[in-house]
Amino acid sequence: ALMMKDAILALKAVCFGIGDVVDSSVIKMGLWPPASIERASDSAALRDSHVVITGGNRGVGFETARQFVRAGSRVTLACRNTDAALKAVEQLVDEERCDRRALRVIALDLADLSSAKKSADALGQVDILIANAGVMFPRGDAASSDGYDLTIQTNFLTHALLTNALLDRGRLSRCVLLSSVSHHAGRVTSWTSTAATSPSTWGMWKRYCESKLASRLYAGELHRRLAVDAVSVDPGISSSMLGVEFFSHWWTGVGLLPSAWRTKILRCVLRSPADSARLVFWAAASAPAGSHVTAYRTRRV
């Protein structure tokens, strides 16, 4: 019965995923985003605000940081690889001609729960927290040192702990949690390493779906139970490293091609990280609290 339910959920997610690829084609034709979204992003209100982006050193996170830099925000990149984050900062300074003092890097290891509390202490007041970082097919041990499944902990648990720690300290005004179209295939189960499914592609993808479902539900419950200004957003399947990795695992033909060719092919089909970042930026700047944002629709969680 559980296998049948998983299969039905997976089919549902595939259907939504196909729709997402179609959306990407619409974006590439210049028919998205709607003008209403562009006008609703009030950049003036974001000037001098403090925005923290987890995993902001590449992909959608990096392009989201670029959007906030252009809006005049102070941006902190919270990353495990601080060297890569510092290089990302220098790239933003060089390309956007922004003040280096408006950009900051702190260490955050999402595979370590204790790192969340340390980061919360170091961050100070945060106007917007964007829980962007994530993994889909982790390499090596599937369990974290805390005893949880690595994908679940990286994508959701440590983000939730960081959010709670900032809220407990009265230092967070708004949080944005990145979900995914794959949340439709999610089914919340036990998240300890001993209860984790097999390290197969299917098993890892199921845990990814669970983590994205949890992120969406968490945003809704933060608003419903605690009146926290929280939203979730599905930025779409982009040609970031995570998107390329997804298709490389599922589509053998892409997986066999050299990395450079895989990226070129997928860039022709999928939306760019910059396009996805524009939706994340709008969700952070303008989406109603307690809502779930997709490319064409904003609704209550």
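I take buried to mean under 20% relative accessible area. By that cut-off Arg-66, at 9%, is buried. The model I am reading is predicted.

**Entry 1. Overview**

I started with the chain as a whole. I counted twelve helices and eight strands. Of the 301 residues, 52% are buried. I then looked at contacts between residues at least 6 apart in sequence. Of these, 76% join residues at least 24 apart.

**Entry 2. Salt bridges**

Side chains of opposite charge can pair when their charged atoms come close. How many salt bridges does a search of the whole structure find? My search returned 13. I went through three of the pairs.

I looked up Glu-63 and Arg-66 to begin with. Their side chains form a salt bridge, with N to O at 3.0 Å. Both residues sit in helix H4, which covers residues 59–70. They are three residues apart, about one turn of the helix.

Next came Arg-97 and Asp-94. Their closest N and O atoms are 3.6 Å apart, and the pair is a salt bridge. Arg-97 has a relative accessible area of 65%, which is over 50%, so Arg-97 is exposed. Asp-94 has 49% and is partly exposed.

Then I checked Arg-207 and Asp-149. This salt bridge has an N to O distance of 2.5 Å.

Salt bridges join Glu-63, Arg-66, Arg-70, Glu-95 and Glu-96 into one network.

I picked Leu-92, which is in helix H5 (residues 82–96). Its relative accessible area is 0%, so Leu-92 is buried. Leu-92 is 29 residues from Glu-63 in sequence. In space their C-alpha atoms are 9.5 Å apart. I listed the contacts of Leu-92, leaving out residues up to four places away in sequence. They are Phe-62, Ala-65, Arg-66, Val-69, Arg-97, Cys-98 and Leu-103. Arg-66 and Arg-97 are in that list; Arg-66 bridges to Glu-63, and Arg-97 bridges to Asp-94.

**Entry 3. H4 against H12**

Two packed helices are described by the angle between their axes and the distance between the axes. I took H4 and helix H12 (residues 273–286). Their axes come within 8 Å and cross at roughly 55°. That angle makes H4 oblique to H12. The crossing is right-handed. On the H4 side I noted Gly-59, Val-60, Glu-63, Thr-64, Gln-67 and Phe-68. On the H12 side the contact residues include Pro-273, Ala-277, Arg-278 and Phe-281. By class I have eight nonpolar, four polar and two charged residues in this contact.

Ser-276 belongs to helix H12. What is its relative accessibility? I read 0%, so Ser-276 is buried. Ser-276 touches Val-60, Pro-235, Gly-236, Ser-238 and Arg-271, not counting residues up to four places away in sequence. Val-60 is also one of the H4 residues in the helix contact.

**Entry 4. H6 against H7**

I repeated the check on helix H6 (residues 113–123) and H7. The axes come within 9 Å and cross at roughly 40°. The two helices are therefore oblique to each other. H6 passes H7 in a right-handed crossing. From H6, the contact takes in Leu-113, Ala-116, Lys-117, Ser-119, Ala-120 and Leu-123. From H7, I noted Gln-153, Leu-157, Thr-158, Leu-161, Leu-162, Ala-165 and Leu-166. The classes are nine nonpolar, three polar and one charged.

**Entry 5. Ser-215**

My last stop was Ser-215, in helix H8. Ser-215 has 1% relative accessibility and is buried. Which residues does Ser-215 touch, not counting those up to four places away in sequence? I found Asn-155, Phe-156, Leu-177, Leu-178 and Ser-232.

Conventions
Residues numbered from 1 in each chain as written. Predicted model: local features only at pLDDT ≥ 70, side-chain atom pairs only at ≥ 80, totals over all residues. Heavy atoms only, no water. Salt bridge = Lys/Arg side-chain N within 4 Å of Asp/Glu carboxyl O. Helix = DSSP H or I, 4+ residues; strand = E, 2+ residues; numbered from the N terminus. Buried < 20%, exposed > 50% of the residue type's maximum accessible area, 1.4 Å probe, protein only. Axes fitted to C-alpha atoms, helices over the stretch in contact; angles between N-to-C directions. Parallel < 35°, antiparallel > 145°, perpendicular 65-115°, else oblique. Left-handed = near helix turned anticlockwise from the far one by under 90°. Contact = heavy atoms within 4.5 Å. Nonpolar A, V, L, I, M, F, W, Y, C, P; charged D, E, K, R; others polar.
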